[in-house]
Amino acid sequence: MALKISLSCQEATLLVEERADAPLPLKAAVALTVHLLYCPYCKRYAAQSSMVAQLALFAGQHTAGNAEITLPGAARTRIQQRLDAAQGGGGKPVPGGV
Amino acid sequence: MASSISDSAFLSAGEAPEPAQWLPRYGDELYRFALSRVSDSDTAEELVQTTLLNALDGLAKFRGEASERTWLFTILRRNIIDHYRREARHPTQSLDALTPDGPTEATFFEPENGHWRDAHYPEGWQTADAALEQADAREALRHCQERLPAQHKAVFTLRFVEELPAETICQELGVSAANYWVIIHRAKLQLRRCLEKFGLGRAG
């Protein structure tokens, strides 16, 4: 990224993503701050980009913690059969198991 | 009952794991976790199965330093990364190459000057933070994530759902740092736009 004071929107939005990960070098940070002051579109992008990140995190946590979601019965049976087969001797025979 | 078992699943050193109890004790939890990181239930089931079979193979290595549950989740997380490594590999491109599928910067910005194209000006969103926790927002995200090219979906999910550091993602997926940022940028541009079309920014 060329360190110039005047950024295009394409450059500014890329810096917005990099900034979310780690602090930008001073020159880039200044250039981005200036750009966001006068560009309403990139300012919206910056706010919305972090909302998208937040939404992704929430959605993942919601599914991972949702007690209503259970391993389907058919899959449970199939997996148990594979485990039994893999444990070998003493395991129950698996019908049609590979 | 299941929760009290898993809460007390910290094994003291040397205590033997109980493979026969894995599925009844942890099956649902492992499945939910897998499902929160991949898009379909078949893949999530597959991940649970692979994880438990891997655990069986690795029983000798389990020393009881972590709980059995933690150990199984570590294996599952590993398998999720491997899943995305396979997914992200384009059939005709080298691993580090940017995917030829999907929109690029030129979709959103004027190539001459890098300004937003008129049709892609971000609209103002009315979305309050609380709205992000609503079911329809999650549904919109799922719909939009599905439409990302495989490489973008892999990087986006590992970064923003699994919360892996950028360096780890680059290593695991064999992507250079420069390409990593291009992918993150394109994925966000595409998701932002798709969510907006889906009505996320509209006042409810």
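pLDDT is the predictor's confidence in each residue, from 0 to 100. The model shown in these views is predicted.

**View 1. Residues 90-94 of chain A have pLDDT under 50.** For this stretch the model has 6 contacts beyond four places in sequence. Where pLDDT is low, the predicted coordinates should not be read in detail. Chain A as a whole averages a pLDDT of 89, and 85% of its residues score at least 70. Among the elements of chain A, the highest mean pLDDT, 97, belongs to helix H1 (residues 9-21), and the lowest, 95, to helix H4 (residues 73-86).

**View 2. Chain B touches chain A through 42 residues of chain B and 39 residues of chain A.** On the side of chain B, the elements that give two or more residues are helices H2 (19-37), H3 (41-57), H6 (135-146), H7 (150-161) and H9 (177-197) of chain B. H2(B) supplies the largest share of this side, 10 residues. By class, the side of chain B that touches chain A holds 24 nonpolar, 9 polar and 9 charged residues.

**View 3. Helix H4 (residues 68-88) of chain B packs with H7(B).** Two packed helices are described by the angle between their axes and the distance between the axes. Here the angle is about 155° and the axes of H4(B) and H7(B) lie 8 Å apart. Angles over 145 degrees count as roughly antiparallel, so H4(B) is roughly antiparallel to H7(B). The crossing of H4(B) and H7(B) is left-handed.

**View 4. Residues of H4(B) and H7(B) make the contact between these helices.** H4(B) contributes B:Ile81, B:Tyr84, B:Glu87 and B:Ala88. From H7(B) come B:Ala150, B:Gln151, B:Ala154, B:Thr157 and B:Leu158. The contact of H4(B) with H7(B) has 6 nonpolar, 2 polar and 1 charged residues.

How values were computed
Residues numbered from 1 in each chain as written. Chains lettered and ligands numbered in written order. Predicted model: local features only at pLDDT ≥ 70, side-chain atom pairs only at ≥ 80, totals over all residues. Contact = placed C-beta atoms within 7 Å. Helix = DSSP H or I, 4+ residues; strand = E, 2+ residues; numbered from the N terminus. Nonpolar A, V, L, I, M, F, W, Y, C, P; charged D, E, K, R; others polar. Axes fitted to C-alpha atoms, helices over the stretch in contact; angles between N-to-C directions. Parallel < 35°, antiparallel > 145°, perpendicular 65-115°, else oblique. Left-handed = near helix turned anticlockwise from the far one by under 90°.
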